[in-house]
Amino acid sequence: MVSRSSVANPTKPELIITRVFDAPRPFVFRAWIEPERAWHWWGPKGFTTLFCEMDVRPGGAWRMGMRSPEGTDHWKQGVYREIIEPERLVFSYAWEDAQGKPGHEMLVSLTFAEQGPKTKMTLHQTAFESVESRDGHRQGWTSCMERFAEYLAATEVVAGSKTACSGEMRKRP
Amino acid sequence: MPLDHLSTVFGALADPTRRAILTRLASGQASVTELARPFEMTMPAISKHLKVLERAGLITRGRQAQWRPCQLEAGPLKEVDDWVERYRRFWEQSFDRLDQYLREVQSKEGNDGLEE
């Protein structure tokens, strides 16, 4: 078992973990996207899986329920963003509250690289999506435009010519 | 820290300018003018960023008449650190189980039909 975790920027809520598995890449990839396989390993030590459903396509939803050794149930869900079998998998991830409502959304990106008969897998989890990763996705396009407007407003210089467009953006609350 | 507030902290940290401001404040408090210097940004724009950081509890601002120094607050960043460590533990344990699962299934199924 080879594992390496990077110490990221302390102001960036993100983590990166690299691990090498003694298995071929397609097999490792499928352990993530086939519910009957994910069932067996996804969760901390001592947890048992109650439910696992995956609609593996861009925009498809996934949901999992697991039970802790103390008997408390935890549900989580997300949406797939990118699926490039067997090399890349990106999905959002959020825990559900007691009413089943998803909480803060995180983003998980996985890359799988062949290392001879083994697979080197890298997980990158962030607490937020960057503007760049949202570009091109219909979901979040509105907030992307809002952030772009804020960026323009923040970088415009007081003296100098301004277009009517950036003038409008400045009036945005 | 309640999840709502952690989300507010994450939102504040999502911006590279704000992260750069925090990195600067890690070496000591600073005035708004000092903080604005590295960025070609207007004072209102910097103030907007500082308000976001203040609302998330990441900085506090002094109340001296002549200047209001900005100061880094360690609490929220510690919460972020705890969040990272919680998830690191979660994934490392999951990957231990994945490792075990891959070994077990390979010895059962062999490599038939696994290569593409």
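This is a predicted model: local features need pLDDT of at least 70, side-chain atom pairs count only at pLDDT 80 or more; totals for chains, interfaces and linings use all residues.
The contact between the two chains draws on 50 residues from chain A and 39 residues from chain B. Together the chains bury about 4200 Å², of which 62% lies on carbon and sulfur atoms. On the chain A side, the residues that lose the most area to chain B are Thr11(A), Phe27(A) and Trp41(A), which together account for 15% of what that side buries. Several elements of chain A each supply at least two residues to the side that touches chain B, namely strand E1 (2-5), E2, H1, E6, E7, strand E8 (118-126) and helix H4 (141-155). By residue class, this side of chain A divides into 29 nonpolar, ten polar and eleven charged residues. Between chain A and chain B, 13 residue pairs are in polar contact, both residues being at pLDDT 80 or more. The count of salt bridges between these two chains is three.

The largest nonpolar core comprises 66 residues, and the members that touch the most others are Trp32(A), Trp42(A), Phe91(A), Trp91(B) and Phe95(B). The element that gives the most to this core is H5(B), with twelve residues. In soluble globular proteins, nonpolar side chains tend to be buried together. The surroundings of Trp91(B) illustrate contacts with chain A: with neighbours within four places in sequence left aside, Trp91(B) is in contact with Leu15(A), Ile17(A), Trp32(A), Trp42(A), Tyr93(A), Val108(A), Leu123(A) and Gln125(A).

H1(A) is mostly covered, with nine of its nine residues buried. These buried residues are Arg25(A), Pro26(A), Phe27(A), Val28(A), Phe29(A), Arg30(A), Ala31(A), Trp32(A) and Ile33(A). In chain B, the buried residues of helix H2 (residues 16-25) include Thr17(B), Arg18(B), Arg19(B), Ile21(B), Leu22(B) and Leu25(B). The N-terminal end of H2(B) is capped by Asp15(B), a side-chain oxygen of which lies 2.8 Å from the backbone nitrogen of Thr17(B).

Over all chains, the count of salt bridges comes to 14. One of them joins Arg19(A) to Asp96(B), with 2.3 Å between the closest N and O atoms. This pair crosses between chains, from strand E2 (residues 14-21) of chain A, which holds Arg19(A), to helix H5 (residues 74-109) of chain B, which holds Asp96(B). Arg19(A) counts as buried because its relative accessibility, 1%, falls under 20%. Asp96(B), by contrast, is partly exposed, with a relative accessible area of 35%.

A second salt bridge links Arg30(A) and Glu85(A), the closest N and O atoms being 4.0 Å apart. The pair connects distant parts of the chain, 55 residues apart: Arg30(A) lies in helix H1 (residues 25-33) of chain A, and Glu85(A) in the loop between strand E5 (73-84) and strand E6 (88-95) of chain A. Arg30(A) is buried at 11% relative accessibility, whereas Glu85(A) is partly exposed at 39%.

The side chains of Arg81(A) and Glu105(A) likewise meet in a salt bridge, with an N to O distance of 3.2 Å. Because Arg81(A) lies in strand E5 of chain A and Glu105(A) in the loop between E6 and strand E7 (106-115) of chain A, the pair ties together parts that are 24 residues apart in sequence. In this pair, Arg81(A) counts as buried at 12% relative accessibility, and Glu105(A) as partly exposed at 35%. Salt bridges that share partners also form a network, which joins Arg19(A), Glu92(B) and Asp96(B).

The loop between E6 and E7 of chain A also contains Ala98(A). Ala98(A) counts as exposed because its relative accessible area of 78% is over 50%. The C-alpha atom of Ala98(A) is separated by 23 Å from that of Asp55(A), these residues being 43 residues apart along the chain.

Terms used: Residues are numbered from 1 along each chain as its sequence is written. Chains are lettered from A and ligands numbered from 1 in the order in which they are written. Side-chain values use heavy atoms; hydrogens and water are left out. Helices (H or I, at least four residues) and strands (E, at least two) are DSSP runs, numbered from the N terminus. Buried means under 20% relative accessible area, exposed over 50%, partly exposed in between (1.4 Å probe, protein chains only). A polar contact is a pair of N or O atoms within 3.5 Å; within protein, one must be able to donate a hydrogen and the other to accept it, and residues adjacent in sequence count only if both atoms are side-chain atoms. Contact means heavy atoms within 4.5 Å. Buried area is the accessible area (1.4 Å probe) that two parts lose on being put together, summed over both. Ala, Val, Leu, Ile, Met, Phe, Trp, Tyr, Cys and Pro count as nonpolar, Asp, Glu, Lys and Arg as charged, and the others, Gly among them, as polar. A nonpolar core is a set of buried Ala, Val, Leu, Ile, Met, Phe, Trp, Tyr and Cys residues joined through side-chain atoms within 4.5 Å.
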